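Please have the sequence and the structure open while reading.

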Amino acid sequence: MSKKLKINDKKDLKEVVEHYLDYPYPLRDPEDEKKRLLTIHGESLAELNHWLYKGKQDFNNGFRVLIAGGGTGDSSTYMGEQLKGKNAEVVYLDFSKNSMAIAKKRAEIRGIKNIKFINDSIFNIPDLNLGKFDYINCSGVLHHLSSPDEGLKILQQSLKPEGGMGLMVYAKYGRTAVYQIQDLMKMVNDGITSRAEEVLNARKILDSLPSTNWYSRSQDLISDVRNYGDVGIYDLFLHKQDRCYSIPELYDFVEGAGLNFIEFSETLPRLSMKVENFIRDPQLLSEIKKMPLRKQQAISEIIAGNIIKHTFFASNISNPVATIEDKNNVPYFFGIAGIASQLVDYLSANNVQEGNVSITINSVWLPNGMNITIPVTKFTKDILSEIVSEPNKKSIAEIFDNIKKSNKKATDSELFETADKIFSLFIDAGVMLYKDKSLV
């Protein structure tokens, strides 16, 4: 346990600390741990390995995790459960003792013993002697600090040289309606000091909104009120410290802390940041694709309009992602089964040699399904067949070598071109990852 929590009024706003004592967020019942494990998109060890450790991390060699601003324990519980039985440690830190009590109870119910709980502030980390971490999770926290820039720099200084982070901050355009209601509630609640009364007035306002109101039009994007009740209302509309980021601001924020922006960690935002998924005119698309990637993404964010948070990976190194260029990597399907075999069956039954095949992907992260177009070449079926024959086991090199044994005319460059196009689509869709052959 750390030394007694000290709040610096210049850094930890008193009203924010008291907010999370009264309304621990998100609303969680520890007893639910007896019925289910709450998984988090982008927080599985498989995803972290692919995006942050070149596919080579086994998480069993003194792997250290910091959950900075752990709240009621979603990330600490999920991470602690995944690291059970490994030589690894999770450190949970939060300035709300009431949030921490819920997180501790959740871990206790699940029998998780690899979490160290600390009731303290991110701003106090330099004085806590916590050491360096391989991975830091900080979700929904930095945008509530008096100085997000200072908070992120403190976290970066706590990261090992090749360490990575999973971060979430609010997005600017998708939360337009939220900030309108926040402004409204500041006027309505002017002079009111009771949080319960603030919430009561917010409920009255929400019940009075006409269909023309921006929040009325965008409730399908924001679930806090229906999911978390008063806790959600306060966090969403009555928070005393809340900022958001556009794409250019996001890159500046990350790079200002000495980090590299790697990729969006959730499937739908990742796909929404690709201009080709919106702009159909070939000439205009060609011109926009010449722009720097961050400018393309800035354009996409405004076009999409529904990105309410930026959930992403950042790293101390610029190239931590597992790639097809490393032929020792194994391509494998993640969170979904049967895509490869179904495609092979379809290509065989219809004798498809070249062209495009459209498929619908349904996964835990895509409950409404998503259509993607798979380019077909003379090697597509062979590559997918190799994956089907021994799922999760064959490296890129083994797949290519096996195909070349039966097809003497096949070359590595041709196989690479086909595989790269197919696998990139699956990876963007969140259903394929790479891992090093040594981890099979």
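## Helices H5 and H10

Helix H5 (residues 148–157) packs against helix H10 (residues 247–256) at an angle of about 45 degrees, and their axes are 9 Å apart. Axes are lines fitted to C-alpha atoms, for helices over the stretch in contact, and angles run from 0 to 180 degrees between N-to-C directions. H5 is therefore oblique to H10; angles under 35 degrees count as roughly parallel, over 145 as roughly antiparallel, 65 to 115 as roughly perpendicular and the rest as oblique. Helices (H or I, at least four residues) and strands (E, at least two) are DSSP runs, numbered from the N terminus.

On the H5 side, Pro148, Asp149, Leu152 and Lys153 make the contact, and on the H10 side Phe253, Val254 and Gly256 do. Contact means heavy atoms within 4.5 Å. The residues of this contact of H5 with H10 are four nonpolar, one polar and two charged. Here Ala, Val, Leu, Ile, Met, Phe, Trp, Tyr, Cys and Pro count as nonpolar, Asp, Glu, Lys and Arg as charged, and the others, Gly among them, as polar.

## Basis of the model

This is a predicted model, in which local features need pLDDT of at least 70 and side-chain atom pairs count only at pLDDT 80 or more, while totals for chains, interfaces and linings use all residues. Residues are numbered from 1 along each chain as its sequence is written, and side-chain values use heavy atoms, with hydrogens and water left out.

## Helix H15 and its two partners

The axes of helix H14 (residues 339–349) and H15 come within 9 Å and cross at roughly 140 degrees. H14 and H15 are therefore oblique to each other. Their crossing is left-handed; a crossing is left-handed if the near helix is turned anticlockwise from the far one by less than a right angle, and right-handed if clockwise. In H14, Ala340, Ser341, Leu343, Val344, Leu347 and Ser348 meet Thr380, Lys381, Leu384, Ser385 and Val388 in H15. This contact of H14 with H15 has six nonpolar, four polar and one charged residues.

Helix H15 (residues 380–389) also crosses helix H16 (residues 396–406), at roughly 120 degrees, with axes that come within 10 Å. That makes H15 oblique to H16. The crossing of H15 and H16 is right-handed. Asp382, Ile383, Glu386 and Ile387 in H15 meet Ile399, Asn402 and Ile403 in H16. Four nonpolar, one polar and two charged residues form the contact of H15 with H16.

## The cavity

The structure holds one cavity of 30 Å³ or more. A cavity is a set of points, on a 1 Å grid over the protein atoms alone, where a 1.4 Å probe fits but cannot get out, and lining residues have an atom within 4 Å of a point. The largest cavity has a volume of about 50 Å³; grid points are joined across faces, edges and corners, and a volume is the space filled by probe spheres set on the points.

The lining of the largest cavity includes His41, Glu47, Trp51, Arg270 and Phe334. Helix H2 (45–52) and strand E11 (432–436) each supply at least two residues of this lining.

## Backbone details

A cis peptide bond joins Tyr25 and Pro26, with omega about -5 degrees. Pro26 is in the loop between helix H1 (14–22) and H2.

Terms used: On a 1 Å grid over the protein atoms alone, a cavity is a set of points where a 1.4 Å probe fits but cannot get out, and a pocket is an open set with protein on both sides within 12 Å along at least five of seven lines; lining residues have an atom within 4 Å of a point.
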